Amino acid sequence: MQIGAHVRDDDPFSAARERTAETVQFFLADPQSWKKPQPHPQAAQLADAGVGIYIHAPYVLNVASLNNRIRIPSRKTVAQHAAAAAETGARGLIVHGGHVRKGEEPAEGLANWRKLFQRQEDQGGFGVPLFIENTAGGEGAMARDLDVLARLWDEVADFGAGFCLDTCHAYAAGWDLAEAVERVRAITGRIDLVHLNNSRDEHGSQRDRHANVVGGEGTIDPDLLVEVAREAGAPVIVETPQDGQAADIEFLRSRLSAA
């Protein structure tokens with residue numbers, strides 16, 4: 001099992017070396033903008049070092065939105081980031097599930113996810129797999145509650161959509177982490193990546209505030225996070241405060257390698 005971290009995008013190679021990370025995740029553009037991404041200049045260096053790469057899509061994207069001024073540029077930007085991620089040698093592009101606004105019909109947002117894949121399929125598909133990530137809160141969310149996630153998967157499963165399990169988001173959304181892997185797999189049939197994050201807030205808070213796996217302000221038992229990672233059996237990325245990432249990775253590596 002490869003273990004790594006979300007790192008700064010200006011020098012992911014050095015960040016990986018500092019943390020002894022086997023894989024890294026980073027942005028290819030400002031996460032709060034619609035700026036067109038470019039392939040990362042350290043792609044070959046990371047590949048030569050055997051470091052796996054994942055790219056996170058900008059936070060502003062919302063392909064579920066019923067607002068044309070958000071949904072249409074979101075579709076375009078997802079395709080651009082997938083193409084740049086492919087040129088960077090990434091294994092996947094992580095995209096948040098998105099939401100519809102209060103009073104809007106969630107079914108229409110779910111259908112917009114299907115349309116995203118359908119439109120891109122007509123153009124040859126995405127450059128890398130898309131991993132849809134569960135989210136912590138918000139009304140009308142596509143990937144916060146397991147029952148809505150099941151409806152989303154009815155729309156996207158046939159297109160090969162992947163899934164990224166974020167433990168902080170799941171905990172904040174009120175999921176039982178002891179059952180999370182089993183319940184997600186029953187819906188999606190897969191977990192392609194784990195964002196193994198502790199939470200600064202209590203169970204069910206719907207607040208997305210990450211904490212270090214160990215040694216920080218986390219409210220999740222680190223042993224429970226280890227068991228989630230072990231059961232998922234997928235590559236692990238910690239999206240935790242940077243000062244503690246090396247310790248998080250060391251802790252997880254030692255616990256996950258134990259019999």
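This is a predicted model: local features need pLDDT of at least 70, side-chain atom pairs count only at pLDDT 80 or more; totals for chains, interfaces and linings use all residues.

Student: Which residues does Gln120 touch, leaving aside its neighbours within four places in sequence?
Tutor: Gln120 is in contact with Ala79, Gly125 and Phe126.

Student: Let's stay with helix 4. How do helix 3 and helix 4 cross?
Tutor: Helix 3 spans residues 68–87, and its axis comes within 11 Å of the axis of helix 4, with a crossing angle of roughly 50 degrees. Helix 3 and helix 4 are therefore oblique to each other. Their crossing is right-handed.

Student: Which residues make that contact?
Tutor: From helix 3 you have Arg71, Arg75 and Ala79, and from helix 4 there are Asn112, Lys115, Leu116, Arg119 and Gln120. Sorted by class, the contact of helix 3 with helix 4 has four charged, two polar and two nonpolar residues.

Student: Now for another pair. How do helix 5 and helix 7 cross?
Tutor: Helix 5 is residues 146–156 and helix 7 is residues 177–188; their axes come within 9 Å and cross at roughly 30 degrees. Helix 5 and helix 7 are therefore roughly parallel to each other. Helix 5 passes helix 7 in a right-handed crossing.

Student: Who's making the contact there?
Tutor: Helix 5 brings Leu146, Leu149, Ala150 and Trp153, while helix 7 brings Arg183, Val184, Ile187 and Thr188. That contact of helix 5 with helix 7 has six nonpolar residues, plus one polar and one charged.

Student: Switching topic: how many aromatic pairs are there in the whole structure?
Tutor: A search of the whole structure turns up six aromatic pairs. In one of them, Tyr54 and Phe131 have ring centres 6.3 Å apart and planes at 45 degrees, so the pair is tilted.

Student: Where do Tyr54 and Phe131 lie?
Tutor: Tyr54 is in strand 3 (residues 52–56) and Phe131 is in strand 5 (residues 130–133), so the pair ties together parts that are 77 residues apart in sequence.

Student: Are Tyr54 and Phe131 buried or exposed?
Tutor: Tyr54 is buried, and Phe131 is buried as well.

Student: Which residues form an aromatic cluster?
Tutor: Trp113, Phe117, Phe126 and Phe159 form one aromatic cluster.

Student: Last topic, backbone angles. What's the phi of Thr20?
Tutor: Thr20 has a positive phi of about 50 degrees, although Thr20 is not a glycine. Most residues other than glycine have a negative phi.

Student: Where is Thr20, and how exposed is it?
Tutor: Thr20 is in the loop between helix 1 (12–19) and strand 2 (23–26). Its relative accessible area is 48%, so Thr20 is partly exposed.

Student: And what about the phi of Gln206?
Tutor: Gln206 has a positive phi near 60 degrees, and Gln206 is a residue other than glycine. Gln206 lies in the loop between strand 8 (198–199) and strand 9 (210–211). Gln206 is partly exposed, with a relative accessible area of 40%.

Terms used
Residues are numbered from 1 along each chain as its sequence is written. Side-chain values use heavy atoms; hydrogens and water are left out. Axes are lines fitted to C-alpha atoms, for helices over the stretch in contact, and angles run from 0 to 180 degrees between N-to-C directions. Helices (H or I, at least four residues) and strands (E, at least two) are DSSP runs, numbered from the N terminus. Angles under 35 degrees count as roughly parallel, over 145 as roughly antiparallel, 65 to 115 as roughly perpendicular and the rest as oblique. A crossing is left-handed if the near helix is turned anticlockwise from the far one by less than a right angle, and right-handed if clockwise. Contact means heavy atoms within 4.5 Å. Ala, Val, Leu, Ile, Met, Phe, Trp, Tyr, Cys and Pro count as nonpolar, Asp, Glu, Lys and Arg as charged, and the others, Gly among them, as polar. Rings of Phe, Tyr and Trp (its six-membered ring) pair if their centres lie within 6.5 Å; planes under 30 degrees apart count as stacked, over 60 as edge-to-face and the rest as tilted. Buried means under 20% relative accessible area, exposed over 50%, partly exposed in between (1.4 Å probe, protein chains only).
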